[in-house]
Structure formats: C-alpha cells, structure tokens
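Reader: I am new to reading protein structures. Please walk me through one, feature by feature.

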Amino acid sequence: MSVSCGLEWVVCLGCTRWAWKRLTYIGAYDSETWPPASPGEFEPVPRLCRVVLANYDPDLSNPKFAPPGRGYADVDPKGIVKRATYDDVGNRCPPYLVYVDEAHKEIVLAVRGLNLVRNADYKVLMDNKLGMQMFDGGYVHHGLLKAAQYILERETETLRDLLRRYGPEYKLIFTGHSLGSGIAALMTVLVVNNRKEFDNIPRNRIKCYALAPARCMSLNLAVKYADVINSVVLQDDFLPRTPTPLEYIFGSIFCLPCLLFLICLRDTFKQDKRKFKDPRRLYAPGRMYHIVERKFCRCGRFPPEVRTAIPVEGRFEHVVLSCSTTSDHAIAWIERESQKALELMKESENAMAPPPQQKMERLQSFEEEHKSALQRAKTLDVPHASDLSEEEIQVDGSTTPPSDTHSETTTEPKSAGRTSWDELMEKLFTRDEDGKLVVKKDMAKEIAVE
C-alpha cells in the first residue's frame, strides 16, 4: 500500500513539474543567450515586410492593408516590375511581385503568405511526406520546392535582365511570409546552386529574409545556408516552433490549440539526440532574428529587442502555449514590432559612444559565427553536415570556384528560350530501384561502400 502511494506521489509530482515548465515557458527563453542585433543588419526587415504586404493591395495608390501611419511610403508603385496574381499562377504557388528598390539598390522578389480561404495553398503545404524530397545532401519540403522551382522558371529571365540593367551594385533579395517564406528560402538555395544562370552573381549579393518562417529544410541545410538566409520570428510564433510536418498541422481533424498541446506532451519525452539523428526532420532556415517583447510574469508588450544567432541545438524546438501564439504569426504585427525595434536600436546607437565593434568587424564576426555553427553541427553528428570553404563565405565579394557542396549544377546556358529548372533537379538527384529520390553524391558513396 505504501509503495503504491509513493508511486502515485512520484507521478503527481512529475506531471506537476511538466505542467509548470510548459505553462511558464515563454518565447523569450529561446534566445536569452543570444547577442543583440545591430540596426545595420536588421534595417531591411520592416521595409521588406511592407513589400510583402504590397502583395495584398493590387492598387497601392488606394491601399487597404497598408500599415497604419506608415503606409507604403518606401514602396514606390513605379518600382513594381511584375505582379503575379492568382489568375497568373493558378494552383502552383501564392501570388508574388518583383520590385526594384532604387533607394536601397535591391531587386526584390516577394511572395505573400498562406490564404486561409484558398484550397490551392493548402495543397502546396500538404504535398509532402516525411523524407519525401532529398536535395543538396539534405531534405526539403517537396511542395514548397516545386513552388520555388515554378516561380524561378517564370522569373529567371526577368531577374537576370534586371541584374544586368542595374549593375553589380544591386543585391538580389528573396522574401516571403509564412508559406511564402519557405518558398523564398528554397528559391535562394536554388539560385545559390545555380549562379551561372544569373551571370555568376557573387554569393554575398544574394539574400533571403523569411518572415515567420516555415520549417522547410533539414538541419544541415539550415546551417549551411545561414550566410544567405535570414529568418525573422516574433516572440511566440507557433510555425517556426512546430516540428510536426506542415501537412499534418493543416490536415489535422484537431483544433490547432489541441494539436499544439499534444505536440508539447510528445516532445517532452523525446531526447535532443534523437531529433538530431533524424535527417528528415525539417527546421526553420538560416540565421535567426528573434523579436522579443514580452517577459515572464509581466503584463503587456514591452519595447521590443532583437536577438540574433545561428543556433544548431535549441533552434525553436519548444512550442509556446500563450494567447499570442497565433497572433505573433501575422505579417502586420511583425512589420509593426520590427519597425519599433529598429527605431529603438537607432536611438540607442545615436545616444551612445561609438560601438566597440566596427562594421567590418561585425561582418567578419558573421563569417566566424557561420563557421562555428557548421563545426557545431558536425560535433553533434547532424546527418550530412558539411563544412564550407573559406573562399565561399568571404564578405568582400571576391569569391573563388565553389567546393563540392556548392557545385554549379546546371548545363551550359542555351542560346534561346527560358532556362528549365528541371535540368537542375536532374543534375542534383536521381531515382533508385524503388523509385525513391536519392542525391547522386550519396548514391556514389553507397556504391563505393558496396
């Protein structure tokens, strides 16, 4: 009798401890050890949020969804080169636009987020199974990769012509929100691996800003492309933290809060080593920027601060049970809070003495942090983790021919017609006897072992 009572107390205390840890866990804990971001590196985020929001307003002269008080002041309607609507893209991908920002010397391709009343967007999300799509030595979301490939098939000529017209001072920026963030990230990976089609554009002129990012690539790829992909997360946003595949989330018969609670319960008893050992597990891509505006046991929103890092372990693994889990996913809130955070960073910078770390030193620290993250991934035995050569991640733009991990993968440019991205896909992987997609590099290793 006494033994059974003791076991009951142990179970009760264990459940109470778990409930306390889960209910008191807040989003700020994910980045509490990260260093603060600088205004120079974070400056594009609120501006690109407004470019993504421009997808929602077909007429920028009479906007309906513009940020209150700011509107689209830094989005010139004359700079919109091309706008693709639902009628143009059909069921293949969300709408997007191509925009030239002459003030900041950027060529931007911005993809809008998930439309909750459009079935085609759900089909893109659900076009995937765990371990279905291999790519560049890792795994990616199959439906998002197909959407990224489709947009590039349509817009490669447009982007290449714009880069030629405006010259080498202009950067190529991909950005998107929610569903569009995963597509933008995978477009960036495709372009980085196929720079010949863009006149051998240097790697440091290609950037991606994934707003409220979807989990779209395996951990080795998320760290590998951290020098070109940046993810922006607002406080408790559920999507970057939900390890359950997207097709399960939106195809579940459960309500979203119930599903998130069950995910919390399951992940409590799963060891981190088991998570790292699964190469099919998808993560939010690239370098992370976390906007923190709420703290434990304190009501209301506080002046937002931005923290940044390239995490390997602890990459937003814990779903936060809070009232703002879904509202923090909204692009309007991200734009508002990122603008506030940027203004506060600029005020703090102007009020203080010259920073101890100059701009060039900050760029060099990005390079060192990327190398450290790659080494950490190898230390943790992350499947397919690889190093980048020093030449590839230089910050001054003087690149050398890429290593095997970033080999150019397309055939020679054709004299006429648009580039077919199917050639890139055929170059990167093949199919085995069972019809499954296998990266050719990995296939060669298997044959050598046999």
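Author: Helices (H or I, at least four residues) and strands (E, at least two) are DSSP runs, numbered from the N terminus. The chain here has 15 helices and 14 strands. This is a predicted model: local features need pLDDT of at least 70, side-chain atom pairs count only at pLDDT 80 or more, and totals for chains, interfaces and linings use all residues. Residues are numbered from 1 along each chain as its sequence is written, and side-chain values use heavy atoms, with hydrogens and water left out.

Reader: What percentage of the residues in the chain is buried?

Author: First the cut-offs. Buried means under 20% relative accessible area, exposed over 50%, and partly exposed in between (1.4 Å probe, protein chains only). Of the 450 residues in the chain, 53% are buried. Contacts tell you about folding along the sequence too. A contact means heavy atoms within 4.5 Å. Take contacts between residues at least 6 apart in sequence: 72% of them join residues at least 24 apart.

Reader: How do I read a sheet?

Author: Strands of a sheet pair through backbone hydrogen bonds, either parallel or antiparallel. Two strands count as paired if DSSP finds at least two bridges between them. In this chain, eight strands form an open sheet in the order 1-2-3-6-7-9-11-12, with mixed pairing. Strand 1 (80-84) and strand 12 are the edges; each has a single partner strand, so one side of each is left without a neighbour in the sheet. From one strand to the next, the twist averages 15 degrees. For such angles, axes are lines fitted to C-alpha atoms (for helices over the stretch in contact), and angles run from 0 to 180 degrees between N-to-C directions.

Reader: Which strands pair with strand 11?

Author: Strand 9 and strand 11 run parallel, joined by five bridges. Val-233 has His-290 of strand 11 as its bridge partner. Strand 11 (residues 287-292) also pairs with strand 12, in the antiparallel sense, over five bridges. There, Tyr-289 stands opposite Thr-308, and Ile-291 stands opposite Val-306.

Reader: Which way do the residues of strand 11 point?

Author: Arg-287, Tyr-289 and Ile-291 point one way, and Met-288, His-290 and Val-292 the other way. Six of the six residues of strand 11 are buried, so the strand is largely enclosed by the rest of the structure. Strand 12 (residues 305-309) has four of its five residues buried, so strand 12 is largely enclosed as well.

Reader: How do I judge a helix?

Author: Compare its reach with the expected span, which is 1.5 Å times one less than its number of residues. Helix 7 (residues 179-192) has 14 residues and reaches 21 Å from first C-alpha to last, close to the expected 20 Å. Its burial stands at 14 of 14 residues, so helix 7 is largely enclosed by the rest of the structure. Helix 6 (residues 142-166) has 25 residues and reaches 34 Å, close to the expected 36 Å.

Reader: Where is the kink in helix 6 centred?

Author: The bend at a residue is the angle between axes fitted to the seven residues ending there and the seven starting there. In helix 6 the kink is about 55 degrees, centred on Glu-155. Helix 6 lies across strand 1, strand 2, strand 3 and strand 6, at about 5 degrees to strand 2. Just after helix 6, Gly-167 takes a positive phi of about 90 degrees.

Reader: Which residues other than glycine have a positive phi?

Author: Asp-136 is one, with phi near 55 degrees. Asp-136 lies in the loop between strand 4 (133-135) and strand 5 (138-140) and is buried, at 12% relative accessibility. Asp-199 also has a positive phi, about 55 degrees. Asp-199 sits in the loop between helix 7 and strand 7 and is partly exposed, at 39%.

Reader: How do I describe a pair of aromatic rings?

Author: Use the distance of the centres and the angle of the planes. Rings of Phe, Tyr and Trp (its six-membered ring) pair if their centres lie within 6.5 Å; planes under 30 degrees apart count as stacked, over 60 as edge-to-face and the rest as tilted. By this rule there are four aromatic pairs. In one of them, Trp-34 and Phe-316 are edge-to-face: 5.8 Å centre to centre, 90 degrees between the planes. These two residues are 282 residues apart, and both are buried.
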